[in-house]
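Here is a colleague's note to read beside the model. The points are numbered and can be checked one at a time.

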Amino acid sequence: MADAVIRIEGLWKTFARRRQRVIALRDVHLAVQRGSVVAFVGPNGAGKTTTIYAMLGLLAPTRGSITIFGEPAGSVAARRQLGFLSEIFYTYPFHTARSALRFYGRLAGLTESTLAERIPQKLARLGLADAIDRRLGTFSKGMIQRLGLAQALVHEPELLILDEPTTGLDPEGRRLVAELILAEKARGATVFLSSHILSDVERTCDHVVMIRRGEIVVSEPIARFGRGADEWEIEVAGWHPGLAATLAEAGAAPAAEHDGVAWLRVATPHKQALLRRLVDLGAEVGTVRRSMQSLEDLYMQHVGGTSSG
Amino acid sequence: MADVLLIAGTTVREVRHRRVLWVLVLVGGLLLALMVAPMAMMQMARESGEGGFAKRMSFQMVDMVVGAFVFAASVFAVFLGATVVSTEAKTRTIVTVLAHPIERWQFLVGRWLGVQLFSLLVVAVGVACGVALAWWLDLPLPNRFWVLQLEAIVDVILFCGLSVGLATVVPPPAAGVGAFFLPVLPGMVESLMGHPSIFVRWSTTLLYHLAPARMPESLMGTEFWSDVRNPNYGLFAGILAEHALYAAVALVLGCMVFARREIRLGS
């Protein structure tokens, strides 16, 4: 954990609304490693944007701390190597694509000569080469979002924070975003991606963090899910509290339980040992199958049905 | 400094985009309409040999033109200054800008500078129109015309600094009202400073000293063509300097508050 680009420790955020205290984030701990692509997943109102705004220094933590590249969140040093795109890229409609990128690029510390070279490159990469001198007031929602990506990438930051970047994009635009994320990863950048679209997350990310009502409920490598999963599920009939207690001592707990039937999940190296233990205990072992839990299964299991948006 | 200028340039473009210029065009149109009658009267006075009256009418027309633009500039300074941060929060453009490596004070000073430059540009247009009208009417402008324009410029700077500074702590309408009232507060409370009630006396004295110094009308007069007996240029310059300093202090305090403030966006 030494090389964490983003480190969040014990983050709490409360808001006062109509004389009531609303807890937006509760005891959030997170470490994002350099060069990784981390998905931040959760329903509307779970606290994703609040966490991101706290990372940018727009909101102050009620308790806890956030560091970006070892610098306090919100400091100029922390924002120097950071590119950010919000859910919808809100910008000034009087700019052209070129002047908007020049504005944001200059704010990021780029020189005019660098910008003169990079702006056409980035716009071409995002399919906006033909619109370089068009006023943003005439852009479609998708074009604005692509420009927002160009804005986040123009200074080639080491950390990219994307808050639901595919909002308003068509399938082609979504694919482009996925390709860009992978290209940024190949460049060595770290990507923190807030998203609802689990297929995009599975395609691009190394690690998934799920947030539910302000709490982190899952933090797992993506490799755990789908065909690449290195886990097995064992069906045990006649499940009872005594068996549960005995297996808990051995470090095994049911992933699901229904009508006296439990499903135990176990990593491949421990499968045989657990099966032997179950037989020794006289448990009725049913189906043994390779775990094919998808990200969507995990999402529904941990955060499904909590959307407030 | 480059970042401040970038923000200022964008602010000026944003103000133009908000169709504020149409208000100026409206001011110009109203002025032209209002000047038809005085022009006719002045022409008649000239033809009937009443040179003194005609000259006075000419001066009044020049004063009216410049005064209208200065008033518009003051309104812009207060209105735009009070909404300088809230508009960025409302349109959410502030999020992307503040995600970049700039200090909060640079953002606020840039926004202030943009509004300030725009307001001063309106004053400059008004003064240019006044000078052009005086030239067309063959009217020599006395030095006191320029002295009073300096006062107008400092007034606009004061309004702008106050509204931007106040807008970091109170909502835009309160900031606007505060920026308009603070400069006139000494004149409003002065008569109560000798009140029998100690509470009223002390509170009004406190308000009198907290507010920017009042510019006595007798110091330079209000009509640039009238003579003022024993003008006190030293006191005049001192009060102007205090007003400019007051604006600067309001802006610095605003920057300090804004640097620590959370950025909450309207839903």
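1. A word on conventions. This is a predicted model, in which local features need pLDDT of at least 70 and side-chain atom pairs count only at pLDDT 80 or more, while totals for chains, interfaces and linings use all residues. Residues are numbered from 1 along each chain as its sequence is written, chains are lettered from A and ligands numbered from 1 in the order in which they are written, and side-chain values use heavy atoms, with hydrogens and water left out.

2. A:D230 sits in the loop between β10 (215–221) and β11 (231–237) of chain A. Helices (H or I, at least four residues) and strands (E, at least two) are DSSP runs, numbered from the N terminus. With a relative accessible area of 46%, A:D230 is partly exposed (buried is under 20%, exposed over 50%, partly exposed in between, with a 1.4 Å probe and protein chains only). Not counting residues up to four places away in sequence, A:D230 touches A:A267, A:T268 and A:R290; contact means heavy atoms within 4.5 Å.

3. Is A:T96 buried or exposed? A:T96 is buried, its relative accessible area being 18%. The loop that holds A:T96 runs between β6 (82–85) and α3 (97–107) of chain A. Neighbours within four places in sequence aside, A:T96 contacts A:I132, A:D133, A:R134, A:R135 and A:L136.

4. In chain A, helix α5 (residues 141–153) and helix α6 (residues 171–187) pack at about 10°, with axes 11 Å apart. Axes are lines fitted to C-alpha atoms, for helices over the stretch in contact, and angles run from 0 to 180 degrees between N-to-C directions. That angle makes α5(A) roughly parallel to α6(A) (under 35 degrees; over 145 is roughly antiparallel, 65 to 115 roughly perpendicular, the rest oblique). A:R146, A:L149 and A:L153 of α5(A) meet residues of α6(A) including A:L176 and A:E184.

5. In chain B, the axes of helix α2 (residues 20–47) and helix α6 (residues 104–136) come within 13 Å and cross at roughly 25°. α2(B) and α6(B) are therefore roughly parallel to each other. On the α2(B) side, B:V20, B:L21, B:L24, B:M35 and B:M39 meet B:F118, B:V122, B:L133 and B:W136 of α6(B).
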